[in-house]
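Dear colleague, here are my notes on the structure shown below. They are set out as numbered points, and each can be followed with the model open beside the text.

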Amino acid sequence: MIRADELYRFYRAGDEEVRALRGVSLEARPGEVVAVTGPSGSGKSTLLACLAGLDEPDGGAVWIDRTRISHRPEPQRAALRARCIGVLFQSGNLIEHLTVGQNLDLAQKLTGRRDSAWADHVLRLTGLTARAGARPSTLSGGEAARAGLAVALAGRPAVLVADEPTGELDRATEAEILSLLRQQARRPSAVVIASHSPAVRRFADRVLTLHDGRIT
Ligand code: ADP
Ligand code: MG
């Protein structure tokens, strides 16, 4: 389970202060898909970065089960993230000079648990077994999206955090990715997706809407 309690995040640029999150709480239980929607600039990416321990909230806390991931030194957050959280961002999480298979391998190494049977399973699940030796630049758009998901799943995460994972995909590929996310939720794992896609809203078990850093 992942839980955010009253998250605040402020950005300062000179005299300007952007209040990106203003007291946002959410919870996603294993088996549950929670969508975070809201207009551009409403704080979705900031929220997901805090959930994944990629960013630190200025107030509030993030918990993975009974372990707090926020307010820790970055190496500790990175270790917790590797062990518990799959992160999927639109821009992709593939390292270009490694093959798809090597990308999965690296993601597993970071968790401290190598499991080649699981890596093979993830490649089959995402339909990439035949492409395991391919470099990311040679993948089609759909393959690249599935490879990004494969890397996010490589460490058998209890929580999957996806920021606009289908933002650049055609409808058929989006449906494919959503179906894979649903299978992941059934493992069961908690899935949080930031998106303004109507398909994602329909697909989610619960939809939270952000406006100016607050849930409405
Ligand atoms: P969304 O993902 O919903 O589009 P973001 O979380 O990216 O929203 O941004 C929320 C607000 O925080 C926006 O006003 C954005 O400009 C601001 N913001 C995000 N990241 C930074 C940053 N690193 N520095 C300054 N302002 C930022
Ligand atoms: Mg965003």
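1. The side chains of arginine 182 and aspartate 205 meet in a salt bridge, with N and O 3.3 Å apart, where a salt bridge is a side-chain nitrogen of Lys or Arg within 4 Å of a carboxyl oxygen of Asp or Glu. Arginine 182 lies in helix α6 and aspartate 205 in the loop between α7 (198–203) and β9 (206–211), so the pair ties together parts that are 23 residues apart in sequence. Arginine 182 counts as buried because its relative accessibility is 17%, whereas aspartate 205, with a relative accessible area of 43%, is partly exposed. In these terms, buried means under 20% relative accessible area, exposed over 50%, and partly exposed in between, computed with a 1.4 Å probe on protein chains only.

2. A word on the basis of these notes. This is a predicted model, in which local features need pLDDT of at least 70 and side-chain atom pairs count only at pLDDT 80 or more, while totals for chains, interfaces and linings use all residues. Residues are numbered from 1 along each chain as its sequence is written, chains are lettered from A and ligands numbered from 1 in the order in which they are written, and side-chain values use heavy atoms, with hydrogens and water left out.

3. How many salt bridges does the rule give? The count comes to 15 salt bridges. Salt bridges that share partners join Glu27, Arg29, Glu32 and Arg206 into one network.

4. Glutamate 143 and arginine 131 meet through their side chains at 3.3 Å, N to O; glutamate 143 lies in helix α5 and arginine 131 in the loop between α4 (116–125) and α5, so the pair ties together parts that are 12 residues apart in sequence. Glutamate 143 counts as buried at 17% relative accessibility, and arginine 131 as partly exposed at 26%. Arginine 146 forms a salt bridge with glutamate 176, their closest N and O atoms being 2.9 Å apart, and this pair links distant parts of the chain, with arginine 146 in helix α5 and glutamate 176 in helix α6, 30 residues apart. Arginine 146 is buried, at 16% relative accessibility, while glutamate 176 is partly exposed, at 36%.

5. Turning to the sheet, 6 strands form an open sheet in the order β6-β7-β8-β3-β9-β10, and the pairing is mixed. β6 (85–89) and β10 (214–215) stand at the edges, each with a single partner strand, so one side of each is left without a neighbour in the sheet. Here two strands pair if DSSP finds at least two bridges between them, and helices (H or I, at least four residues) and strands (E, at least two) are DSSP runs, numbered from the N terminus.

6. Strand β7 (residues 159–163) pairs with β6 in the parallel sense over 5 bridges, and β7 also pairs with β8 in the parallel sense over 5 bridges.

7. Which strands does helix α5 lie across? Helix α5 (residues 141–153) lies across β6 and β7, running at about 160 degrees to β6. Helix α6 (residues 171–185) packs on the sheet, touching β3 (33–37), β7 and β8 (190–194), and its direction makes about 150 degrees with that of β8. The axes are lines fitted to C-alpha atoms, for helices over the stretch in contact, and angles run from 0 to 180 degrees between N-to-C directions, contact meaning heavy atoms within 4.5 Å.

8. Around ligand 1 there are Tyr11, Val18, Ala20, Pro39, Ser40, Gly41, Ser42, Gly43, Lys44, Ser45 and Thr46, a residue being near a molecule if one of its heavy atoms lies within 4 Å of it.

9. Finally, aspartate 212 lies in the loop between β9 and β10 and counts as exposed, at 56% relative accessibility. Leaving aside neighbours within four places in sequence, aspartate 212 is in contact with Arg19, Arg22 and Ser42.
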